[in-house]
Amino acid sequence: MTDVSSSFAFLSGDPDSPVILHVPHSSREIPGDVRSGIVLDDAGLERELDHITDSHTASIAEAAARAAGVMPWRFVNRLSRLVVDPERFPDEREEMLAVGMGAVYTRTTHKDVLRPDGFDAEPLIERYFHPYARAMTEAVADRLAATGRAVVIDVHSYPGAPLPYELHGDGPRPEVCLGTDSFHTPPGLLAAAREAFAPCGETGLDSPFAGTYVPLEFYGKRAEVSALMVEIRRDTYMTEPGGPAGQGLRGLASALATLIDAASH
């Protein structure tokens, strides 16, 4: 069994930085006992990981953190989202349940069976989802206590062409999609992101993915917690699906560093 404390990492930044880069979907790691509950063969699982993983986003976040004038904090999921997806609701509030992709996925990106019907997700929720949520809540509370505010910047990627599981895949797919929340995304943060990513191509809003991640304890209650999701189209920095990173990674990391510095002041 994997030690839960090693399933994610909260990496220190500057004591005066309110910014937390959140990287939830960059890992391909699946503990052996979790793997046994997945019905795909090894080749099928590797293909699914190619499609579902936000490859190299941890590298983008790390390079941006090092380039920023004020180093942000980083919260990085060290396990695959096929273990649990920490950004889903763990109950019926989650719209992705419609395609078998709640907090514990039962279907693949191509709507094939990932886990058998009747699979009991609760042990995975208890073992991985709740500890992650608690740790992320504590991380945000830590920044609030230290700086009076917290800025959660979610670092994601998405494929150039829609995958069958996408509920909103028929809209625009710009080079950079910014996911927003009406309460937690202030206009200044959004404007700073548009400016920072302008050199990387078209910057769109809430398509094909919308919303932000804010721990539920603060969601809709604490305006001092601001949040923005950065979704980067994969063909801008890597070979799809699941291939190596390319030259585009450096420019995206530089743009993210610019956003971090704007959000830090």
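## Helix α3 against helix α6

In this predicted model, the axes of helix α3 (residues 57-67) and α6 come within 8 Å and cross at roughly 55 degrees. At that angle α3 is oblique to α6, and the crossing of the two helices is right-handed.

On the α3 side, the contact is formed by Ser59, Ile60, Ala61, Ala63, Ala64, Ala65 and Ala67. These residues meet Leu249, Leu252, Ala253, Leu256, Ala257 and Ile260 in α6. By class, the contact of α3 with α6 comprises 12 nonpolar residues, one polar residue and no charged residues.

## Helix α5 against helix α6

Helix α6 (residues 248-264) also packs with helix α5 (residues 187-197): their axes come within 8 Å and cross at roughly 150 degrees. Because an angle over 145 degrees counts as roughly antiparallel, α5 is roughly antiparallel to α6. The crossing in which α5 passes α6 is right-handed.

From α5, the residues in contact are Leu189, Ala192, Ala193, Ala196 and Phe197. Their partners in α6 are Leu252, Ala255, Leu256, Thr258, Leu259, Ala262 and Ala263. The residues of this contact divide into 11 nonpolar, one polar and no charged. Leu252 and Leu256 of α6, listed here against α5, are also listed among the residues that meet α3.

## Buried residues of helix α2

In helix α2 (residues 42-52), the buried residues are Gly44, Leu45, Glu48, Leu49, Asp50 and Ile52. The buried residues of α2 pack against α1 (32-35).

## Cysteines

A search of the whole structure finds zero disulfides. Cys177 is in no disulfide, and the nearest cysteine sulfur, that of Cys200, is 14 Å away.

## Leu216 in the β6-β7 loop

Leu216 lies in the loop that runs between β6 (203-205) and β7 (225-233). With a relative accessible area of 45%, Leu216 is partly exposed. Leaving aside residues up to four places away in sequence, Leu216 touches Phe89, Arg93 and Lys221.

Leu216 and Pro31 are 185 residues apart along the chain, and their C-alpha atoms are separated by 27 Å.

Notes. Residues are numbered from 1 along each chain as its sequence is written. This is a predicted model: local features need pLDDT of at least 70, side-chain atom pairs count only at pLDDT 80 or more; totals for chains, interfaces and linings use all residues. Side-chain values use heavy atoms; hydrogens and water are left out. Axes are lines fitted to C-alpha atoms, for helices over the stretch in contact, and angles run from 0 to 180 degrees between N-to-C directions. Helices (H or I, at least four residues) and strands (E, at least two) are DSSP runs, numbered from the N terminus. Angles under 35 degrees count as roughly parallel, over 145 as roughly antiparallel, 65 to 115 as roughly perpendicular and the rest as oblique. A crossing is left-handed if the near helix is turned anticlockwise from the far one by less than a right angle, and right-handed if clockwise. Contact means heavy atoms within 4.5 Å. Ala, Val, Leu, Ile, Met, Phe, Trp, Tyr, Cys and Pro count as nonpolar, Asp, Glu, Lys and Arg as charged, and the others, Gly among them, as polar. A disulfide is a pair of cysteine sulfur atoms within 2.5 Å. Buried means under 20% relative accessible area, exposed over 50%, partly exposed in between (1.4 Å probe, protein chains only).
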